[in-house]
Amino acid sequence: MSQAAAAQLEPFDEHARSRAVKALIQVLLLTGLWLLLIREEYHFFGIRMLGDSEAAHALAAPVLIGLLIYRRWDLLVRNLRPGSLWGLVLIGIALVMFAVFTWPFFIGYPRQAAIVPAVAGFVLVVGGWRVLKLSVPMLVILLLAVPIGWRQYAFLIVIPETQTFFVTEAALNLLPGVLVTMDGPDIYFTRGAENGTIALGDPHRGASLFLAMAMIGAFVTYASIRPLWQFVVVAIFAGPILLLCNFLRLCAHGVITIYGGFEPLSAFPRLAAGLFALVLAYLMFTAVLGICNNIVKPVEQDDAG
Amino acid sequence: MPYTPTSRAFTSPLFLTVCTVLIVAVLALPATMQAIAEHYTKLPAEIRVPLDEFNAHRVPGFQAVQSREFGIQDQDIGTDESLTLTMARLDKSGQIEDRDTLLHIAYYDGSGESGLRVSHTPEVCYRQGGATIQSVRTVRVDVPGLSSIPGYEHVGETVTARLVDIALPGGGTLVDIYLFVSNGEFYHDRERLRFAMSWASEPRVYFAKFEVSAIYDDNTPFDEAKARVKELIAAALPVFIEDHLPLHDDLMRVDDDEA
């Protein structure tokens with residue numbers, strides 16, 4: 001029996017919940033101090049989160065983290081141990097990251113991402129190694145919430161975007177009575193006597209919502225306590241799922257525009273296709289985890305038998 | 001180590017140590033880093049000879065021509081010091097070939113609002129303009145004579161550059177090769193350039209983007225266009241370096257009023 005599983009079975013002592021609440025308040029207090037430290041970044045965060053669909057998912061991060069804490073609360077309470085001095089090392093690393101990426105390297109993303117080792121350090125100082133291990137899901141969500149600079153993002157997605165355009169063109173050409181041609185990021189279609197344009201929308205026309213879908217995947221995966229191998233399986237499938245959802249988002253955008261008779265720059269097809277992709281990502285990650293659960297259960301039953 | 005009693009959770013030495021560290025950091029770190037950054041701010045490095053005076057006659061094997069294939073538009077690229085020239089290769093008999101090769105140079109001296117911000121790379125900018133990026137890869141370009149330029153002896157005769165294969169909106173395909181030069185070093189990667197400029201030992205820092213592109217199609221296959229682009233880089237890069245870029249001594253000079 002693993003340590004975590006053993007700890008799960010340990011009864012609470014009378015002060016355990018009270019200690020856990022105080023530990024949570026301590027982490028929140030320290031995180032508040034860190035947020036004061038990075039106050040200069042708020043302007044950037046505000047612009048990105050409120051004005052860019054590629055970073056808006058960060059607004060959901062506090063809620064998702066709160067839900068994950070809620071889901072794991074009993075486990076966190078049982079595993080609360082004395083804090084470790086190693087937390088100071090993590091906090092030191094975070095402070096160095098913040099300083100070095102202010103000067104000499106003035107680079108925003110690592111400076112903002114320093115919140116992840118900082119919070120990990122706070123958790124370790126307050127709750128010990130077991131609680132830190134149980135907090136990895138919350139830290140992953142926090143990391144996914146840090147907005148990547150749009151130039152770096154544009155550079156990272158430039159090739160997947162192009163490949164997705166080509167596959168989308170081929171897929172839309174399979175629609176009965178529809179002829180589709182691509183010009184740059186725009187797809188032109190002819191359907192009977194009707195001609196039109198599917199303008200996939202600036203700035204991330206062909207590769208969008210990757211981080212939002214990844215956050216959904218992380219949340220779905222971490223919402224339950226799972227064996228390590230399931231995380232590995234999800235990690236392997238995460239890339240293909242994100243690419244597939246993005247491809248289907250473009251297809252949905254095209255189908256809605258073609259059959260709905262929308263203008264090229266209408267917001268509705270883009271929003272509907274984006275929502276469709278997010279729901280699809282949720283369903284796909286859930287399906288992968290469902291398959292994982294159902295593969296193992298019969299094996300366990302056989303072993304038991 | 002015994003567990004901290006509930007009542008002492010907020011007064012445990014470890015928690016108070018972390019609080020103290022963070023409060024000191026909140027009060028002092030941003031201001032200190034700002035002061036250090038200002039103290040070590042790099043000084044502008046003016047171009048030695050303005051790019052308006054680029055001597056295209058010094059580029060062997062090519063001649064500047066009126067553009068036949070490229071629609072050239074003025075764009076805000078964060079610097080006034082830029083040059084766009086349409087060049088045509090000369091054949092063995094000295095006649096101008098019928099395909100254009102576009103040379104674009106932009107020099108950033110570190111002054112002004114944009115400072116040393118590296119904002120423009122073709123794979124991102126063309127994409128914003130509606131093009132589709134078909135591939136991005138690294139290529140090596142031979143530049144004979146490069147190592148004989150004073151200050152560039154360590155570089156050798158080959159530079160690494162980035163090649164971008166672009167499908168233009170409205171039809172047409174383009175091969176574009178670019179590289180950066182900063183304080184006598186070459187970079188093909190924007191992030192490496194940013195790190196290098198932050199870490200430069202000279203008090204003055206500049207960077208320049210050197211970009212050459214050509215259209216390829218059924219008449220001019222990709223490999224042929226790429227070879228022509230590389231040829232123009234090999235011919236024009238030494239001229240740009242020799243005639244325009246600041247010398248090492250210029251980068252080390254600090255005037256009394258700047259000290």
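Guide: Let's start with a word: a residue is buried when its relative accessible area is under 20%, exposed when that is over 50%, and partly exposed in between (1.4 Å probe, protein chains only). This is a predicted model, where local features need pLDDT of at least 70, side-chain atom pairs count only at pLDDT 80 or more, and totals for chains, interfaces and linings use all residues. Residues are numbered from 1 along each chain as its sequence is written, chains are lettered from A, and side-chain values use heavy atoms, leaving out hydrogens and water.

Visitor: Which residues are buried in H11(A)?

Guide: Helices are DSSP runs (H or I, at least four residues), numbered from the N terminus. In H11(A), the buried residues include A:Phe210, A:Met213, A:Gly217 and A:Tyr222. Eleven of the 13 residues are buried, so H11(A) is largely enclosed by the rest of the structure.

Visitor: How many residues of chain A are in contact with chain B?

Guide: Contact means heavy atoms within 4.5 Å. Here 53 residues of chain A touch 49 residues of chain B.

Visitor: What is the count of salt bridges between chain A and chain B?

Guide: Look for a side-chain nitrogen of Lys or Arg within 4 Å of a carboxyl oxygen of Asp or Glu; that's a salt bridge. The count between these two chains is one. A:Glu161 and B:Arg127 make a salt bridge through their side chains, at 2.7 Å, N to O.

Visitor: Which element gives the largest share of the side of chain A that touches chain B?

Guide: That's H10(A), with 13 residues.

Key: Helices (H or I, at least four residues) and strands (E, at least two) are DSSP runs, numbered from the N terminus.
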